[in-house]
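Me: I'd like to learn how to read helix packing and nonpolar cores in a model like this one. Could you walk me through it?

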Amino acid sequence: MKKHSIRRFSPIVIHLSFIITAMMMVTSCGVYKNYERPSDLQTDGLYGTAQVGTAEQGLGAKAWREFFTDPQLQALIERGLAQSLSARQLDLQIQEAQEYLRCSKLAYIPSVAIAPQGQLSSFDWSKPLKFYTVPLSASWQLGSIGSLRNAKKSAEVGVEQVKTTRQAVQQALVANIANIYYSLCMLDSQLAVSEQTAKNWRESVELTRKLMAAGRSNKAAVAQSEANCFNVEANLLDLRESIIEAENALCTILGEAPHHIERGSLDTFQAPAAIETGIPLALLQNRPDVRQAELQLASKFYAVNSAKAAFYPALTLSGSLGFTNNGGSIEINPGKWIWNALGQLTQPIFQNGRLRAQKRVAEMQQEEAKMAFQQSLVAAGNEVNTALVKLQTAQGKQTYIDGQIRSLNDAVSATEALYKDNVSHQVNYLNVLTAQTGLFNAQLGQLANQYALITATIELYQALGGGSLQ
């Protein structure tokens, strides 16, 4: 009996296999194409006139550990990445997206079910008849041509989109920690300069008082020197407050209670000897937002494929195999094997224009995604150009500020010497005060420009996609 069932089942299997093969030949058309990056993207002059370097992989290709070499900063970034709730939430979302992808892959596999049934039947309280059936059923829904494949491809794109979002979170986190870290370093340096200036000016107040007692100065000079000193000492309080605020901001990012942040100085930042931005197309691989825009375009591409696939036939294969006792006992009536197989092919013919409308909408959304992709490239190029200009400006100003400080140091030394030794009062304290204030402001400006150079370099690194790679 078993051999007889197999003989009868074989022709149907052959026919179904023929149908599947024929359909696969038909599906060699566009619904099975993979996404390819558009060849007409405009990337010429993407960085503007401030382009530097022609390397294939530029600054943005460096991992953040290569770019930030300060060990204390590296430790802070490590803690931030490990303790970031946003990053951990996205890790879970990546796992969710991978589960959806796994489901879309399993859609290719037939579903199998077993549903045993039993029944007792008696007439006029006679001995009941026993009925039982043990059926095993299987169903294989191939869907419309290419629909399952495009659903799987869309799920793959979804996984990449979540991963890219996590890269964007990491990139922002690395840049924020680095910026606050060097902001603290700048505030430390400004505090040190201010404390030294306050000390010098307190000594100047005492000197002015002695000169007034000797008849070589006056009360107005003493009052001016005291007011100048009070101003610097008040600024010290503001700087200490700013340091605590910056430390608290960094602790918030790290997910820690307020505490002192161990750090180095501005001099610990090692700027790259040569800035290589890389070829503009490298932005496609490095920048999470640009990559996200391209993945959105890929998703719309597969949506168009799915809309096209809806025009083609849908094939469903099903079958069952079971054993029944046919109402007798298992000893007397051993029962029989029952099987059946069914192949169903459904071809859409008329659906009130719904399929054509869905296809047109999908194509328009794909074109919109392509425009958004191009716009993301333009925005990224402008950010690179802006960061380059900031960096070059800070580098150019540094030479002038250094020269200004040298000149002001000479001016302070000269006016203080003249004020101490000038018996005829040709140099008054106002000249000394002006020179001292100018030097103090220039020193603070030098530190601010050094910080601007660092932040511009970090901004350029981030604009090129740096910090999103391990």
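**Helix packing and cores**

Reply: Happy to, and bear in mind that this is a predicted model. Let's start with helix 5 and helix 10, whose axes lie 10 Å apart and pack at an angle of about 170°.

Me: How are helix 5 and helix 10 oriented, roughly parallel or roughly antiparallel?

Reply: Angles over 145 degrees count as roughly antiparallel. Helix 5 and helix 10 are therefore roughly antiparallel to each other. Their contact divides into 15 nonpolar and 14 polar residues, with no charged ones.

Me: Now the cores. Which residues have the most contacts inside the largest nonpolar core?

Reply: A core is a set of buried nonpolar residues joined through side-chain atoms within 4.5 Å. Here the largest one has 72 residues, and Phe68, Tyr182 and Leu460 have the most contacts inside it. Among the elements giving it two or more residues are helix 2 (64-67), helix 3 (71-83), helix 9 and helix 10. Helix 5 gives the largest share, 18 residues.

Me: What does tyrosine 182 touch beyond its neighbours within four places in sequence?

Reply: Its contacts there include Asp70, Leu73, Phe269, Tyr451 and Ile458. There is also a second, separate core of seven residues, including Ile405, Leu408, Leu439 and Ala442.

How values were computed: Residues numbered from 1 in each chain as written. Predicted model: local features only at pLDDT ≥ 70, side-chain atom pairs only at ≥ 80, totals over all residues. Heavy atoms only, no water. Buried < 20%, exposed > 50% of the residue type's maximum accessible area, 1.4 Å probe, protein only. Helix = DSSP H or I, 4+ residues; strand = E, 2+ residues; numbered from the N terminus. Contact = heavy atoms within 4.5 Å. Axes fitted to C-alpha atoms, helices over the stretch in contact; angles between N-to-C directions. Parallel < 35°, antiparallel > 145°, perpendicular 65-115°, else oblique. Nonpolar A, V, L, I, M, F, W, Y, C, P; charged D, E, K, R; others polar.
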